[in-house]
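Work through the following exercises with the coordinates open, and check each step of the solutions against the atoms.

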Amino acid sequence: VVDNNVWRPAAQQFRLAFCYDPSQVEKEIPGLSKNKQMSDWLKNALKGVSADEAITGILAVMMQCGAVLSMADAMPKLGVEELSVCTPVVWKNCRSQLEKRLKEKNSKAKLKWLPLEPPT
């Protein structure tokens, strides 16, 4: 269910891409290095995304991934990082992009409330 809301290209779900600069998508997002056509399309699409749209998408990804990653310590045998595209690296990229997009929008919002490391 989480991946259906975060990253499922076959179902037109691309929110994970909001957590990356266009230059990063091909090497950072699962499966894009093997699909040049989709990678190129996504890079171009991300260049036209408004800060507001990106912020909304990033927060949606962080909510979904935060929920999944928070189970890591409580259920270590579940292996949540292997079951989903949500990883600590994704969390950090999302947080970084959120900060960047807020600055781009000239927002005075502070992210002290949002942990640098994903919830566990």
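**Exercise 1.** Which cysteine does a disulfide join to Cys 65?

*Solution.* The model is predicted, so local features need pLDDT of at least 70 and side-chain atom pairs count only at pLDDT 80 or more, whereas totals for chains, interfaces and linings use all residues. Residues are numbered from 1 along each chain as its sequence is written, and side-chain values use heavy atoms, with hydrogens and water left out. With a disulfide taken as a pair of cysteine sulfur atoms within 2.5 Å, the partner of Cys 65 is Cys 86, at an S to S distance of 2.1 Å. Cys 65 belongs to helix H4 and Cys 86 to the loop between H5 and H6, so the bond ties together parts 21 residues apart in sequence (helices are DSSP runs of H or I, at least four residues, numbered from the N terminus). The S-S torsion is about -65°, which makes this disulfide left-handed.

**Exercise 2.** Locate Cys 19 and Cys 94, and describe the bond between them.

*Solution.* The sulfur atoms of Cys 19 and Cys 94 lie 2.0 Å apart and form a disulfide. This pair links distant parts of the chain, 75 residues apart, with Cys 19 in the loop between helix H1 (2-6) and helix H2 (25-28) and Cys 94 in helix H6 (residues 88-104). Its torsion of about 90° makes the disulfide right-handed, and both cysteines are buried.

**Exercise 3.** What is the pairing of the bonded cysteines, numbered in sequence order?

*Solution.* The whole structure contains 2 disulfides, and the pairing is 1-4, 2-3.

Note on methods
Helices (H or I, at least four residues) and strands (E, at least two) are DSSP runs, numbered from the N terminus. Buried means under 20% relative accessible area, exposed over 50%, partly exposed in between (1.4 Å probe, protein chains only).
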